[in-house]
Each structure stands twice: as structure tokens, then as C-alpha cells.
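Notebook open, model loaded. I want to work through the fold piece by piece and jot down what I find.

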Amino acid sequence: MTNGDPSTDDDRQTGLVTYSRTLLAPAELARRDRAYAALTEAVRELCDAQLRTEVDLEEVGAVAAEVRAVTARLLTSARERSFGIELGHDGGAREHGNAVLGLRNPFACAVGARAMFWDDRGARATLELGALYEGPPGCVHGGVLALVFDQLFTEAAAAVGQVGMTAELTVAYRRPIPLGTVTVDAWLEVVDGRKRRMHATCHDGDGNLTAEAEALLVLPRWLEGSDAIWPKRPPVDALDGDVSLDPSVT
Ligand SMILES: CCCCCCCCCCCC(=O)SCCNC(=O)CCNC(=O)[C@H](O)C(C)(C)COP(=O)(O)OP(=O)(O)OC[C@H]1O[C@@H](n2cnc3c(N)ncnc32)[C@H](O)[C@@H]1OP(=O)(O)O
């Protein structure tokens, strides 16, 4: 079975998760990542612009036709399926389709070198959740926050070497979260065999606690002994200085 991309080997099915391994040299991978990251950012800006635009309807129709033409250009050569998880040369997972932080996913909200950090307890995400993520008027959609928690639990578990998949997730929404800057922290509390009990908090841009979450992550049986490595994020103390590790280039 193939994902239709000649730059990767055939897919390997592990449980329900599919991996492929890149056949490209590291420099070529980095060159591609930079180009696709620029395209993703341009599309993300387009999505925000189309949501908020108030241009006249004739212009709306003209832009729609142009966007369809651009879409057709991209589809002249495209994967048959989703990105999946591609393994780099070092075994590092290239999760470019991921809904929260995928390099090639315009819906992803944790983008750039300053979005996701690890420390020796877990992980932190500092996100700009704008108009595209609205639920209650002017506020972040509760499902979007659950999505962010879900991903950050995986990050926090990986940060302490205890990767797992989400088996249970509970969110307590304590107050509406204004659109804008949101900071989410997640950490590991208890390890019991393949089970990891996690906790997380969400604060708005004024520092108010807006939500808390708990999760049970389980290391899947099929992942035991796998050579897949979740990609490393910069340490939290890099928040105050230069971030030398760019997660968009793995
Ligand atoms: C590079 C890395 C890539 C890794 C890829 C990671 C991508 C990250 C994406 C972001 C996060 C997500 O979206 S994750 C996607 C959402 N989650 C999922 O799709 C998971 C779907 N569920 C599953 O695949 C499975 O049920 C698992 C993996 C959770 C467990 O399956 P398993 O490995 O066969 O484990 P199993 O033997 O059944 O259970 C082991 C122990 O856990 C307990 N347990 C299992 N499920 C539950 C549960 N829901 N609630 C309570 N307890 C549970 C069992 O009772 C048992 O306890 P005891 O008897 O030992 O006491």
C-alpha cells in the first residue's frame, strides 16, 4: 500500500496507525519543509481573511474563482490520502498533517518555534486563537480547547519519555476564554504500567484560569518496541531567549 508520495517508502501498518519513512536527504527535507510551511502560512492567512472580509459581492465571486484555480494547480500533483506519520532519518516522527501543530495543516493553531515547549514535568503551549477558532461570541470554541488539551497531553507525556494515546479526556470549563492569547500547561501525574494519568490547565491572556483537564493516556500495545520517536520541542526556559530549535524543521 502506498500513500502516493514517491519521496517515501511504502506504508507500514502498525495497529491502526500508518507510518512511512522518508527517502529524501535531510537538506532536501528541510528545503521542502520551509517551502510547505510558507504555503501553509499563506493559506492560514487566506482563511482568516476570507472569514473577516467585507469586500463587495462581485469581488467575493471573483476571489472564489481565483481560489478554485489555485486549488486546481495544487491538485495537479497531490497525495492520495492524509499525511499520516512519516519517519525522518533519525526515527523522528514528522506529523505534518497533525490538526494542532502540523507543519502543512492550515487549521493548526500551534505554529512556529514559540508555540510548543517542553520541560522536565510536561509541556506548555502558547497560542494565538483568533476568529477562526470562535465558539461563544468573541470566545474560544470549547471543542477547540479540548483539541489543544488532547495534543498537549501527548506532548507532555512525550516530554517525560512516556508516550501514549488518549484513552479518556475530561475538560472542566471554568469561564469563557476570550479569543486571543491562550496558555496551556500539561503534565504527567502518575504512571501505572502502560497507563499515564495527566493534568492540564488553561489560562487566558490576562492570566485567569479558564479550564482544567484530566486525561488517561495508554501506551498502545503495538507501540511498545517501535522505533518511532515523538519530535522534541524546545525547553520552556527558551521562552525568555532565542529559540534555536525550530520544530518546523525536523
Ligand atoms: C511516535 C508516536 C506516535 C503515537 C501517535 C500519537 C498521535 C497523537 C495525536 C494526539 C492525541 C490524539 O488525538 S490520540 C487519538 C484519540 N485516541 C485514540 O484514538 C485511542 C483509541 N484507543 C486505542 O487505540 C486503544 O484502546 C488504546 C491504545 C487506548 C488501548 O489499547 P491497548 O494498547 O490494546 O491497551 P489495553 O490492553 O486495552 O489496555 C491497557 C490498560 O489501559 C486500560 N484502558 C485502556 N483504555 C481505557 C479507557 N478508555 N479507559 C480506562 N482504562 C483504559 C485497560 O483497562 C488496561 O488497564 P490494566 O488492565 O493494565 O490496568
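How far apart do the end C-alpha atoms of residues 138-209 lie, and what share of the span is helix and what share strand? I get 17 Å between the ends, with 25% helix and 46% strand.

**Ground rules.** I am working with a predicted model, where local features need pLDDT of at least 70 and side-chain atom pairs count only at pLDDT 80 or more, while totals for chains, interfaces and linings use all residues. Residues are numbered from 1 along each chain as its sequence is written. My helices (H or I, at least four residues) and strands (E, at least two) are DSSP runs, numbered from the N terminus.

**Domains.** I looked up the domain assignment, whose bounds come from an automatic or database source. The protein chain is given domain 1 (1-108) and domain 2 (111-237). Their centres, taken over C-alpha atoms, are separated by 23 Å. The contact takes 15 residues from domain 1 and 17 residues from domain 2, counting two residues as in contact if their C-beta atoms, placed from the backbone, lie within 7 Å. On the domain 1 side, helix α1 (residues 26-52) gives the largest share, four residues.

**Helices.** I checked Ala42, which sits in helix α1. Buried or exposed? Ala42 is exposed, with 10 other C-beta atoms within 10 Å. The cut-offs: buried means 20 or more other C-beta atoms within 10 Å of a residue's own, exposed means 12 or fewer, and partly exposed is in between, with C-beta atoms placed from the backbone.

Next I tested the length of helix α2 (residues 57-74). Its 18 residues, at 1.5 Å a residue, should span 26 Å, and the end C-alpha atoms are 26 Å apart, which agrees. The expected span is 1.5 Å times one less than the number of residues. The number of buried residues in α2 is zero, so this helix lies largely in the open.

**The sheet.** I traced six strands in an open sheet, order β5-β6-β8-β9-β10-β7, with antiparallel pairing. Strands count as paired if DSSP finds at least two bridges between them. β5 (116-118) and β7 (165-173) are the edge strands, each pairing on one side only. The twist from one strand to the next averages 20°, using axes that are lines fitted to C-alpha atoms (for helices, over the stretch in contact) and angles from 0 to 180 degrees between N-to-C directions.

Then I went through the pairs:

- β6 (residues 122-129) and β8 (residues 180-192) share eight antiparallel bridges, and Ala125 stands opposite Val184 in β8.
- β8 and β9 pair antiparallel over ten bridges, with Asp185 opposite Thr201 in β9.
- β9 (residues 195-204) and β10 (residues 209-218) pair antiparallel over nine bridges. Thr201 has Glu212 as its bridge partner in β10, and Arg196 stands opposite Leu217 in β10.
- β7 and β10 run antiparallel, joined by eight bridges; Val171 is partnered by Ala213 in β10.

**Turns.** Which glycines have a positive phi in the hairpin turns? The β8-β9 hairpin has two residues between its strands, and Gly193 in the turn has a positive phi of about 65°. The β9-β10 hairpin has four residues between its strands, with Gly207 in the turn at a positive phi of about 85°.
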